[in-house]
Amino acid sequence: MKKILTIDGGGIKGVFTLAFLASIEQKLKQPINKYFDLIVGTSTGGIIALGLGKGFSATELLEFYIELGEKVFGGNRFLRWIKHWGLAKYNNEVLTKSLYKKFGNSRLGESKVRLVIPSQALETGDVYLYKTAHNKRFKEDYKKTMVEIALATSAAPSYFPSFRSRTGAVMVDGGTYANNPIVIAAVEATGILNWSSDQIEILSVGSTFEPLNINLAKKIALGKSYWAVKSLDLIMKGQSSAAIGMAKHLSNYHVTRIDEVVSNNKFKLDSIESMNDLKGLGSIKGRNEFQNIEQIFFSQSASQFEPIYKLK
């Protein structure tokens, strides 16, 4: 059996995801990455995936995220809000320094597990997937630094400036097309790695879920000022729903989805004041769900990953 972990984007809401994984990890007594054959993460989920691939425990990454949130998303909230409408809300210098402090110059080729990290090329709009060397065609990405990939997948439009890679390509957040990367994982497993749909299990972890709130639009034909805000929510929820549906089809319905429904506007991508609440929700979710997923995902460790190409 091949086991796959997918991790949604969501900014600081990744604290929920990490608290869930850390809660599971505490019961396992070893890093959670040892149980998965493939990890796919977008945006904040991409940073988490890279950290797990590097060999950090979920508990260690949770501590890093709480510290990171204070540094990156701190400051005057009103001034940030005003700036958000004209320029990127945050400068990525603090994020870059924090990532280098944690990952150093580690490269993708050092990952202990197969990884796929989505991003998007700004010039062309083309999808870009950073991948470990788990196929003969993947000859370049494994040489790239984890920090570069983390910055590329998390360059959320309006929150952070776009990221220019060392090759000159300008990249933006993978969440623009795959905030829930589950179908990318399913395609990678069945189409690239040639794993049988009957022999894969996918654990898909979200970062809290708000019911779609468009009640006013059902009563009144509203225009741009309303849909400029609401359309993104609609697109994101539609993408996630479609991705889960397609992944179920590709994996013969071997999908377990973990998420938590919360009230509207309870958590924002940059709401650092909510980190303790997110941590608590994730911990409770892990405790409650462990018995349901233990046998499927954590009864035995995954096989050791041996990349086709190795760093010199």
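Mentor: We may. In this predicted model, L95, T96, L99, Y100 and F103 of helix α5 are in contact with M146, V147, A150 and L151 of helix α6.

Trainee: How many nonpolar, polar and charged residues does the contact of α5 with α6 have?

Mentor: The α5 side contributes L95, T96, L99, Y100 and F103, and the α6 side contributes M146, V147, A150 and L151. Sorted by class, this contact has eight nonpolar, one polar and no charged residues.

Trainee: At roughly what angle do the axes of α5 and α6 cross?

Mentor: Two packed helices are described by the distance between their axes and the angle between them. Helix α5 covers residues 93-103 and helix α6 covers residues 146-153. The crossing is right-handed. The two axes come within 9 Å, and the crossing angle is roughly 145°.

Trainee: Which residues line the largest cavity?

Mentor: A probe the size of a water molecule, rolled over the atoms, shows where empty space is left. The count comes to one cavity of 30 Å³ or more, and the space in the largest cavity is about 30 Å³. Its lining divides into six nonpolar, two polar and no charged residues. The lining residues are N92, L95, L151, S154, A155, F160, P161 and F163.

Trainee: What is the volume of the second largest pocket?

Mentor: The lining of this pocket has 16 residues, and K34, K112, V113, Q304 and F305 lie nearest its centre. By class, the lining residues are five nonpolar, six polar and five charged. The volume of the second largest pocket is about 280 Å³.

Trainee: Is E289 buried or exposed?

Mentor: E289 belongs to helix α10, which spans residues 275-297. Leaving aside residues up to four places away in sequence, E289 touches F20 and I258. The relative accessibility of E289 is 19%, and buried means under 20%. Therefore E289 counts as buried.

Trainee: What percentage of the residues in the protein chain is buried?

Mentor: The protein chain has ten helices and eight strands. Of its 312 residues, the buried share is 54%.

Trainee: Among contacts between residues at least 6 apart in sequence, what percentage joins residues at least 24 apart?

Mentor: The contacts considered are those in the protein chain between residues at least 6 apart in sequence. Among these, the share that joins residues at least 24 apart is 77%.

Notes
Residues numbered from 1 in each chain as written. Predicted model: local features only at pLDDT ≥ 70, side-chain atom pairs only at ≥ 80, totals over all residues. Heavy atoms only, no water. 1 Å grid on protein atoms, 1.4 Å probe; cavity = no way out; pocket = protein on both sides within 12 Å on 5 of 7 lines; lining within 4 Å. Points joined across faces, edges and corners; volume = space filled by probe spheres on them. Nonpolar A, V, L, I, M, F, W, Y, C, P; charged D, E, K, R; others polar. Axes fitted to C-alpha atoms, helices over the stretch in contact; angles between N-to-C directions. Helix = DSSP H or I, 4+ residues; strand = E, 2+ residues; numbered from the N terminus. Left-handed = near helix turned anticlockwise from the far one by under 90°. Contact = heavy atoms within 4.5 Å. Buried < 20%, exposed > 50% of the residue type's maximum accessible area, 1.4 Å probe, protein only.
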